[in-house]
Amino acid sequence: MTSSPQGLTEAQKRQYWSEGFLTGLEVMGAEQMKRVRDRLISLEAAEVAADPERWADPKHQPWEVAGSPWWHWFHGMIRHPRILAAASSVLGPNVLIRNADIFVKAVDDPKRIRWHVDCTSPESEANKLLTMWIAISDSTMENGAVEWVKGSHAFELPPEVHDKASLSYPPEGAAHLDQLPRAPNLLRAGQMSLHHFR
């Protein structure tokens, strides 16, 4: 008989609610992540060979097609018991995976994502949501790791950040955030982070 994976410790939960994020949570070991990454590379190579233009279109998300090879690879991973245990520790036992995405950052791609929030819902609603991110390859400062500002989930949003079409901070707000201490999301492949939707 196998035991259920443990969720977050009390100290981790306090840190999440205080700082708005947790990082470095172990999900899969090196060998398991190698298989996950090899499968991703194989699936992507098949997409490029079949239709490189379609694969370059951000609207093309084959992992959403139930029963497809992408779907089986992706959905098995996002329902990993350690992922669900961590989410339940923060949100309670009734967890719904609202959506899931794959972000592939190409080597030498200069694009950067500006300071933003994942939603503009009031804090009481946003407290019921979180983002979980699992690293398939290492996340380092050199390859563009996400950075957080501690406690920013409790900041008042600037008026320009008011709906799902305007989640990025305006230049003035971003300049203020640039002055605050940052916490980088440094992960080894197989580790995950979670952060508040705000």
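Tutor: Let's start with strands: two of them pair if DSSP finds at least two bridges between them. Strands (E, at least two residues) and helices (H or I, at least four residues) are DSSP runs, numbered from the N terminus. Keep in mind that this is a predicted model, where local features need pLDDT of at least 70 and side-chain atom pairs count only at pLDDT 80 or more, while totals for chains, interfaces and linings use all residues. Residues are numbered from 1 along each chain as its sequence is written, and side-chain values use heavy atoms, with hydrogens and water left out.

Student: Which residue is the bridge partner of L130 in β5?
Tutor: In general, strands of a sheet pair through backbone hydrogen bonds, either parallel or antiparallel. Here, L130 has H196 of β5 as its bridge partner. Strands β2 and β5 (residues 191–196) run antiparallel and are joined by 5 bridges.

Student: What is the order of the strands in the open sheet?
Tutor: The order is β1-β5-β2, with antiparallel pairing in this open sheet of 3 strands.

Student: Which strands does helix α1 touch?
Tutor: Contact means heavy atoms within 4.5 Å. By that rule, α1 (residues 10–19) packs on the sheet and touches β1, β2 and β5.

Student: Which residues of α2 are buried?
Tutor: Buried means under 20% relative accessible area, exposed over 50%, and partly exposed in between (1.4 Å probe, protein chains only). In α2, the buried residues are M33, V36, L40, L43 and E47. The face turned away from that buried side carries the exposed A30, E31, R35 and A49. Among the elements covering the buried residues of α2 are α3 (52–56) and α4 (69–78).

Student: And how do I read aromatic rings?
Tutor: A pair of aromatic rings is described by the distance of the centres and the angle of the planes. Rings of Phe, Tyr and Trp (its six-membered ring) pair if their centres lie within 6.5 Å; planes under 30 degrees apart count as stacked, over 60 as edge-to-face and the rest as tilted.

Student: How many aromatic pairs does a search of the whole structure find?
Tutor: It finds 7. One of them is the stacked pair of F21 and W148, at 4.5 Å centre to centre with 20° between the planes. This pair links distant parts of the chain, as F21 in β1 (residues 21–26) and W148 in β3 (residues 147–149) are 127 residues apart. F21 counts as buried because its relative accessibility is 5%.

Methods: Axes fitted to C-alpha atoms, helices over the stretch in contact; angles between N-to-C directions.
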